[in-house]
Amino acid sequence: WRIIQLITLHPHLLRQMSSIRDLFVPWLPHSYSSAGYVINRAGMKQLLGQYSAGQHGESLVFRLPDNGVPPFFLLFNSTQTFVATRPLFTLSSSVSGAAGVQEATLAPRRSVQLVPYRS
């Protein structure tokens with residue numbers, strides 16, 4: 001594994017996966033959610049290698065598709081990813097705004113510049 005998606009917010013998929021004995025299964029495109037996931041070092045190295053376009057001064061520059069692909073799809077579909085077949089934790093209403101948690105609690109180490117990917 002490179003990424004483990006700890007929770008999916010897709011209720012129909014959760015009902016389907018509730019009968020699976022395994023705790024984790026290979027990621028499925030319709031198991032959307034970036035509410036909780038873990039990336040190991042090898043996975044992060046692979047993602048950075050795939051999307052990094054280098055540096056511009058102190059900023060990291062990334063090549064990303066400009067065709068409206070959701071970020072979680074790029075993340076989970078880019079490397080060996082597994083999804084939990086049952087919720088491993090419960091989101092409270094105060095954190096269900098998802099992305100705001102990371103922005104509010106983590107100070108960036110470097111600035112990041114996103115540029116459209118052109119193949």
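In this predicted model, Gln5 belongs to strand β1, which spans residues 3-5. Its relative accessibility is 0%, and Gln5 is therefore classed as buried. Beyond the residues within four places in sequence, Gln5 is in contact with Trp27, Ser31, Tyr32, Ser33, Gly36, Tyr37, Phe76, Phe82, Val83 and Ala84. A polar atom of the Gln5 side chain also lies 2.8 Å from the backbone oxygen of Ser31.

Trp27, one of the contacts of Gln5, in turn touches Phe72, Phe73, Phe76, Asn77, Thr81, Phe82 and Val83 as well as Gln5, again leaving out residues up to four places away in sequence. Trp27 is also part of the largest nonpolar core, which has 12 residues in all: Ile3, Leu13, Met17, Val25, Trp27, Leu47, Tyr51, Phe62, Leu74, Leu75, Phe76 and Val83. Two or more of these residues come from each of α1 (11-17), α2 (41-51) and α3 (71-77). The most, 3 residues, are given by α3.

Helix α2 has a buried side formed by Gly43, Leu47 and Tyr51. These residues lie on the same side of α2 because they cover an arc of only 45 degrees around the axis. Exposed residues Arg41, Lys45 and Gly49 sit on the face turned away from that side. The buried residues of α2 pack against β1, β3 (37-39), β4 (52-56), β5 (59-65) and α3.

| Side-chain atom | Backbone atom | Distance |
|---|---|---|
| Gln5, polar atom | Ser31, oxygen | 2.8 Å |
| Asn40, oxygen | Ala42, nitrogen | within 3.2 Å |

How values were computed. Residues numbered from 1 in each chain as written. Predicted model: local features only at pLDDT ≥ 70, side-chain atom pairs only at ≥ 80, totals over all residues. Heavy atoms only, no water. Helix = DSSP H or I, 4+ residues; strand = E, 2+ residues; numbered from the N terminus. Buried < 20%, exposed > 50% of the residue type's maximum accessible area, 1.4 Å probe, protein only. Polar contact = N/O pair within 3.5 Å; in protein donor to acceptor, adjacent residues only side chain to side chain. Contact = heavy atoms within 4.5 Å. Core = buried A, V, L, I, M, F, W, Y, C linked by side-chain atoms within 4.5 Å. Arc of directions from axis to C-beta.
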